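The sequence and the structure are shown first.

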Amino acid sequence: MTTLPERFSILDDPKYLGKYYGYFYSPKKTNQMIDSFSLELKKENGKTVARLSVDYRSIKNNGQIKIVNKVLEGTPILVKPSSIYIVLTEGTGQFNILSFSYVHYNLNNLYFRRGAMLTHGRDATRQPLMQSFVMFDYHQIINVPR
């Protein structure tokens with residue numbers, strides 16, 4: 001009897017650890033702004049953890065821009081051979097699921113990804129939202145060495 005290799009594992013590739021900045025269109029049909037996030041993947045107590053900080057932008061009735069920040073945490077899961085999924089949650093029930101491709105790097109670290117984000121609606125009548133995002137390595141954006 002042969003055993004199958006473990007298909008799901010906590011992401012532990014050091015080439016993926018670091019801070020990333022990402023951007024996606026606002027899910028609100030009434031505004032065409034771009035929302036942003038930072039995603040940090042790091043080791044804590046020997047396990048990889050993910051921290052997502054999302055800035056949602058909207059326009060108030062008086063025309064001023066309002067930014068609401070949400071911070072969520074989760075565990076990045078590597079689905080072999082080529083996908084990463086992160087289920088991120090926070091205390092009030094907000095959740096996001098991020099998904100992007102995994103590529104094994106020999107020399108470089110992760111520097112850019114396109115991916116998908118699934119978020120829940122704010123109340124029971126809203127459907128979950130699927131949005132595309134782009135994500136860049138923090139060091140590539142500000143042009144500093146690692």
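## Aromatic pairs

Both Tyr-16 and Tyr-105 are buried. The model in which they occur is a predicted one. Phe-24 and Tyr-56 make an edge-to-face aromatic pair, with 6.3 Å from centre to centre and 75° between the planes. Since Phe-24 belongs to strand β2 and Tyr-56 to strand β4 (residues 47–59), this pair ties together parts that are 32 residues apart in sequence. Phe-24 is buried, as is Tyr-56.

In total, seven aromatic pairs are counted. One of them joins Tyr-16 and Tyr-105, whose ring centres are 6.0 Å apart with the planes at 35°, so this pair is tilted. Tyr-16 sits in the loop between β1 (8–10) and β2 (18–25), while Tyr-105 sits in the loop between β7 (95–101) and β8 (112–119); the pair therefore ties together parts that are 89 residues apart in sequence. Tyr-16 and Tyr-105 also belong, with Tyr-102 and Tyr-111, to one aromatic cluster.

## Fold and nonpolar core

The protein chain contains one helix and nine strands, and their order along the sequence is β-β-β-β-β-β-β-β-β-α. Of its 146 residues, 33% count as buried.

The largest nonpolar core has 24 residues, among which Phe-37, Leu-39, Ile-86 and Phe-100 touch the most other members. Two or more residues of this core come from each of β2, β3 (34–44), β4, β5 (65–79), β6 (83–89), β7 and β9. Strand β4 provides the largest share, four residues.

Tyr-23 is located in strand β2. Its relative accessibility is 34%, so Tyr-23 counts as partly exposed. Together with Tyr-25 and Ile-34, Tyr-23 forms a nonpolar patch on the surface, and the three have about 340 Å² of accessible area together.

Tyr-25 also takes part in a contact with Gln-131: the backbone oxygen of Tyr-25 lies 3.0 Å from a polar atom of the Gln-131 side chain. Gln-131 is in strand β9 (residues 129–137). Is Gln-131 buried or exposed? At 9% relative accessibility it is buried, because the cut-off for that class is under 20%.

## Salt bridges

Side chains of opposite charge can pair when their charged atoms come close. In the whole structure, three salt bridges are found.

| Salt bridge | Closest N and O atoms |
|---|---|
| Lys-42 and Glu-44 | 3.5 Å |
| Arg-51 and Glu-44 | 3.1 Å |
| Glu-73 and Arg-51 | 2.7 Å |

Through shared partners, the salt bridges join Lys-42, Glu-44, Arg-51 and Glu-73 into one network.

How does the relative accessibility place these residues? Lys-42 counts as partly exposed at 28% relative accessibility, and Glu-44 is partly exposed with a relative accessible area of 29%. Arg-51, at 24% relative accessibility, counts as partly exposed, and Glu-73 counts as partly exposed at 41%.

Notes:
Residues are numbered from 1 along each chain as its sequence is written. This is a predicted model: local features need pLDDT of at least 70, side-chain atom pairs count only at pLDDT 80 or more; totals for chains, interfaces and linings use all residues. Side-chain values use heavy atoms; hydrogens and water are left out. Rings of Phe, Tyr and Trp (its six-membered ring) pair if their centres lie within 6.5 Å; planes under 30 degrees apart count as stacked, over 60 as edge-to-face and the rest as tilted. Buried means under 20% relative accessible area, exposed over 50%, partly exposed in between (1.4 Å probe, protein chains only). A polar contact is a pair of N or O atoms within 3.5 Å; within protein, one must be able to donate a hydrogen and the other to accept it, and residues adjacent in sequence count only if both atoms are side-chain atoms. Patches are made of residues with over 30% relative accessible area and no salt bridge: like charges are joined within 9 Å, nonpolar side chains (Val, Leu, Ile, Met, Phe, Trp, Tyr) within 5 Å. Accessible areas come from the Shrake-Rupley method with a 1.4 Å probe; for residues, only the protein chains shown count as cover. A salt bridge is a side-chain nitrogen of Lys or Arg within 4 Å of a carboxyl oxygen of Asp or Glu. A nonpolar core is a set of buried Ala, Val, Leu, Ile, Met, Phe, Trp, Tyr and Cys residues joined through side-chain atoms within 4.5 Å.
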